[in-house]
Amino acid sequence: MPFNRNVYERAIYKEPAPIRDRENPFESMVKRFDVAAQILELDPGFYEYLTTPSRVHITAVPVIMDDGRIKVFEGIRVIHNEVLGPSKGGIRYAPDVTVDEVKALAAWMTWKCAVVGVPFGGGKGGVVCDPSKMSPGELERLTRRYTANLLDVFGPDRDIPAPDMNTNAQIMAWILDTYSMHVRRTENAVVTGKPIILGGSLGRREATGRGVMTVTLAALERLGLRPADCTVAVQGFGNVGSIAAQLLAEQGCKVVAVSDLSGGYYNENGLDINAMIEYASRNKGSLQGYPEAQPISNEELLTLEVDVLAPCAKEDQITRHNAPQVKAKIIVEGANGPTTPAADDILKENGCLVIPDILANAGGVTVSYFEWVQDRQGYFWTLDRVNRRLDRMMRAAFDNVYQAAEKYGVTLRIGAYVLAIDKVATALRLRGIYA
Ligand code: NAD
């Protein structure tokens, strides 16, 4: 292929980023940070330190596509903070992923790890690509080159990636292999969320949904509600949503509505979640056409008269526009950033208890921590041990956040930020600034 033709093909290969109707995610993070920083009377220097990512890596990732053409993708890895330990955070593959989004997600990881008390800092990565249009071979080459470019960033003592949107255990296996080839030994603690046979942890796949269930039960207890008397609606029926719905149903809650990209499904007598999981697994992961429910829209699901609403799909779902119509007593944020700062104020005004993402979905990073510990010990735990330790840590984190919120008379979200920022700031004060 002549050189100039290559350049031309590359230029037309660039995918236009879809325009999102959404708040700047980094600004959303800083808005919450500001409130907590004021409560803590955070030193202005610490404020600047903790709102600035410690490193932003942007790297060109050239890939030979199946048709022989070269395409160059943008790879991003942000290390927000490493004061409490090596940075930890997922990698997402999406056509519209931006540096700002990755910066916000990396910061959320710092706070999330601090809230649950795992000894990690925050990081996050992304590659601007559309994996639905790529073959497995192209995805493997993309993943390996992205890993090779970031070889000095990743490492079990430095920065530990995990799956996020559109990445999975197979992609983690390719990262593990590429990293291991370069360091000349099998280093399975370099990623988490990998296949069990390569050093993954039992219970990791279900961990985020399980954590959602644990904190929901803790919140119901605080409000004096019995699970058996409660109704639940879950937005999103992927990894987090389906497991959260299944486990809450096992605890006796009546899950009356769930939704996915194909729409919402409602049954006032309670949905059979196991049957829906089975149906989706036979239907390419989609609930499209599920017969035992009444179809509703995603918008209707969010405003149903239920006790618990669990947004477990994506960011910016509860906004200033629909928050006044939300009737749930508890919102448990399985997804990252499903509620905008403007919606927070409305929900607070209406007495809705919001269990924030940095607490509610921290079950995933908690079991990722367990996976890292097991890899480094070379000794693997039973599922029962993983689940018991997860439940204990999530329950303790909920209680700590609840107490912080009560102490300062703020929402659970601000309570969680206060707790997390205080921990990281205390560690920073002890470590000092290296000069
Ligand atoms: P997933 O891809 O497995 O599932 C996402 C689900 O949401 C799918 O069922 C999809 O159809 C549905 N969905 C997408 N857009 C929707 C919309 N507009 N309305 C209704 N449903 C919609 O993803 P996941 O791993 O379950 O992650 C979901 C959220 O949880 C993300 O915000 C992710 O960042 C967050 N999260 C995931 C983990 C984890 O361990 N998987 C950990 C922490 C946070």
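Colleague: If buried means under 20% relative accessible area, exposed over 50% and partly exposed in between (1.4 Å probe, protein chains only), is glutamate 41 buried or exposed?

Modeller: Glutamate 41 counts as exposed because its relative accessible area is 69%. Please keep in mind that this is a predicted model, in which local features need pLDDT of at least 70, side-chain atom pairs count only at pLDDT 80 or more, and totals for chains, interfaces and linings use all residues. Residues are numbered from 1 along each chain as its sequence is written, and side-chain values use heavy atoms, leaving out hydrogens and water.

Colleague: OK, and where is glutamate 41 placed?

Modeller: Glutamate 41 is in the loop that runs between α2 (25-40) and α3 (44-51), where helices (H or I, at least four residues) and strands (E, at least two) are DSSP runs numbered from the N terminus. The backbone of glutamate 41 has a phi near 50 degrees, which is a positive value in a residue other than glycine.

Colleague: What about arginine 184, what is its phi?

Modeller: Arginine 184 is not a glycine, yet its phi is positive, at about 65 degrees. You will find arginine 184 in the loop between α6 (169-183) and α7, and it counts as exposed because its relative accessibility is 71%.

Colleague: Switching topic, why does lysine 124 count as buried?

Modeller: Lysine 124 is buried because its relative accessible area is 3%. If you look for lysine 124 in the structure, its place is in strand β4 (residues 121-128).

Colleague: Which side chain does the side chain of lysine 124 join in a polar contact?

Modeller: The partner is aspartate 164, and the polar contact between the two side chains is 3.2 Å. The term stands for a pair of N or O atoms within 3.5 Å, where within protein one must be able to donate a hydrogen and the other to accept it, and where residues adjacent in sequence count only if both atoms are side-chain atoms.

Colleague: And which residues does lysine 124 touch?

Modeller: Leaving aside residues up to four places away in sequence, lysine 124 touches Ile76, Arg77, Val78, Gly89, Gly90, Val102, Leu105, Ala106, Met109 and Asp164, where touching is a contact of heavy atoms within 4.5 Å.

Colleague: Then threonine 167, is that one buried or exposed?

Modeller: Threonine 167 is buried, with a relative accessible area of 10%, and its place is in the loop between β5 (159-163) and α6.

Colleague: What does the side chain of threonine 167 reach?

Modeller: The side chain of threonine 167 reaches the backbone oxygen of isoleucine 91, at 2.6 Å.

Colleague: Last one, phenylalanine 120: where does it lie?

Modeller: Phenylalanine 120 lies in the loop between α4 (99-116) and β4, and it counts as buried because its relative accessibility is 0%.

Colleague: How many residues apart in sequence are phenylalanine 120 and tyrosine 369?

Modeller: They are 249 residues apart in sequence, while in space the distance from C-alpha to C-alpha is 8.3 Å. Tyr369 is one of the residues that phenylalanine 120 touches, and the others are Leu84, Gly85, Pro86, Lys88, Cys113, Ile160 and Trp372, again not counting residues up to four places away in sequence.
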